[in-house]
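Hi there,

Here is the structure I promised to pass on to you. Have a look at it first, and then read on for what turned up in it.

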Amino acid sequence: QVQLVETGGGLVQPGGSLRLSCTASGSIFNINAMGWYRQAPGKQRELVAKITSGGSTNYAGSVKGRFTISRDNAKNTVFLQMNFLKPDDTAVYYCNTFPPGLFGVSWGQGTQVTVSS
């Protein structure tokens, strides 16, 4: 069973940047699409960005132009580059398949991103 570990979160000022990484314990090569999701306090988990095995990407409107998703299948890793961060981006960020839970992939612990001055 593939397990996911998200890293790279932290406290950043508005306008700052962070780069999140998600490393899988097993091969994700055969997984068609991977996604980054986030959950803010009191809100439902939402899809932020997704990327197919071929490299096609899609973004939520709220992050388009600021976030970039990428993947390195050889390293079983998915990245999320986040620029021009806003306080509304504050959330726990998770990665998973798209749609989530394919092939028995479960949610990891996520990584906290806090945007505050």
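Let's begin with two strands: β5 and β6 pair in the antiparallel sense, over three bridges. Strands here are DSSP runs of E with at least two residues, numbered from the N terminus, and two of them count as paired if DSSP finds at least two bridges between them. A49 has Y59 of β6 as its bridge partner. The two strands form a hairpin with four residues between them, and G55 in the turn has a positive phi of about 100 degrees.

Before going further, a word on the source: this is a predicted model, where local features need pLDDT of at least 70, side-chain atom pairs count only at pLDDT 80 or more, and totals for chains, interfaces and linings use all residues. Residues are numbered from 1 along each chain as its sequence is written, and side-chain values use heavy atoms, leaving out hydrogens and water.

**The sheet**

Where do β5 and β6 sit in the open sheet of six strands? Its order is β2-β10-β9-β4-β5-β6, with mixed pairing. β2 (10-12) and β6 (57-59) stand at the edges with a single partner strand each, so one side of each has no neighbour in the sheet. On average, neighbouring strands of this sheet are turned by 20 degrees against each other, direction ignored (axes are lines fitted to C-alpha atoms).

Moving along from β5, you reach β4, and these two pair in the antiparallel sense over six bridges. One of the bridge partners is K50 in β5, which goes with G35. β4 and β5 also form a hairpin, this one with six residues between the strands; G42 in its turn has a positive phi of about 75 degrees.

β4 pairs with β9 as well, in the antiparallel sense and over six bridges. Here R38 has Y93 in β9 as its bridge partner. On to β10: β9 (residues 91-97) and β10 (residues 111-115) pair in the antiparallel sense over three bridges. Y93 stands opposite T111 in β10, and A91 stands opposite V113.

**What is covered**

How many residues of β9 are buried? Seven of its seven are (buried means under 20% relative accessible area, with a 1.4 Å probe and protein chains only). In β5, five of seven residues are buried.

The largest nonpolar core has 28 residues, and L4, W36, F67, L80, M82 and Y93 have the most contacts inside it. Such a core is a set of buried Ala, Val, Leu, Ile, Met, Phe, Trp, Tyr and Cys residues joined through side-chain atoms within 4.5 Å. Two or more residues each come from β3 (18-24), β4 (33-39), β5 (46-52), β7 (67-72), β8 (77-82), β9 and β10. β3 gives the largest share, four residues.

**The disulfide**

There is one disulfide, by the rule of cysteine sulfur atoms within 2.5 Å. The bond joins C22 to C95, with S to S at 1.7 Å. C22 lies in β3 and C95 in β9, so the pair ties together parts that are 73 residues apart in sequence. C22 is buried, with a relative accessible area of 2%, and C95 is buried too, at 0%.

Enjoy exploring!

Terms used
Axes fitted to C-alpha atoms, helices over the stretch in contact; angles between N-to-C directions. Buried < 20%, exposed > 50% of the residue type's maximum accessible area, 1.4 Å probe, protein only.
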